[in-house]
Amino acid sequence: MLFHVRMDVSLPPDLDPEVRADLVAREKARALELQRAGVWPQLWRIVGEYANFSIFDVPSNDTLHDLLSSLPLFPYMRVQVTPLAHHPSKLD
Ligand SMILES: O=C(O)C[C@H]1C=CC(=O)O1
């Protein structure tokens, strides 16, 4: 199942810089792990925002929820999920 996901990140401005750097490093490691596993095939920065558009390819809603909530930055994210279906006019 394919999902379009928008993640908006909002870190507290007064967050300790070392804590912030650790969070961001752990987020990157987890993102790379999920990309290598093939479940996060698309990841795009939204220009001018601390936000991304992503495509996830997972077997179920529950799996997507588990993956998203495993992200170290999850507590600091607003996440919007759109389930995707095949379009009848799309060339295969
Ligand atoms: O930077 C972001 O968009 C948030 C998050 C998504 C992947 C990652 O490494 O961080």
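**Figure 1. Confidence of the predicted model.** The protein chain has an average pLDDT of 98, and 100% of the residues score at least 70; pLDDT is the predictor's confidence in each residue, on a scale from 0 to 100. The ipTM of the model is 0.96 and the pTM is 0.95. Because this is a predicted model, local features need pLDDT of at least 70 and side-chain atom pairs count only at pLDDT 80 or more, whereas totals for chains, interfaces and linings use all residues. Residue numbers start from 1 along each chain as its sequence is written.

**Figure 2. The annotated region of the chain.** The UniProt record, an unreviewed entry, places the feature "domain: Muconolactone isomerase" at residues 1-89. UniProt positions follow the numbering used here, feature names are shortened, and annotations may be inferred rather than shown by experiment. Helices (H or I, at least four residues) and strands (E, at least two) are DSSP runs, numbered from the N terminus.

**Figure 3. The open sheet.** Four strands, in the order S2-S3-S1-S4, form an open sheet with antiparallel pairing; two strands pair if DSSP finds at least two bridges between them. Strand S2 (42-45) and strand S4 (77-84) are the edge strands, each pairing on one side only. From one strand to the next, the twist averages 15 degrees, with axes taken as lines fitted to C-alpha atoms (for helices over the stretch in contact) and angles running from 0 to 180 degrees between N-to-C directions.

**Figure 4. Bridge partners of strand S1.** Seven bridges pair S1 with strand S3 (residues 51-57) in the antiparallel sense. Within S3, Ser54 is the bridge partner of Val5, and Asp57 is that of Leu2. S1 and S4 also run antiparallel and are joined by eight bridges. In S4, Thr82 stands opposite His4.

**Figure 5. The shell around the ligand.** Met7, Val9, Glu27, Lys28, Ala31, Asn52 and Leu73 are the residues around the ligand; a residue is near a molecule or strand if its C-beta atom, placed from the backbone, lies within 6 Å of it. Strand S1 (2-9) and helix H1 (17-36) are the elements that give two or more residues to this shell. H1 gives the most, with three residues. The shell comprises four nonpolar residues, one polar and two charged, where Ala, Val, Leu, Ile, Met, Phe, Trp, Tyr, Cys and Pro count as nonpolar, Asp, Glu, Lys and Arg as charged, and the others, Gly among them, as polar.
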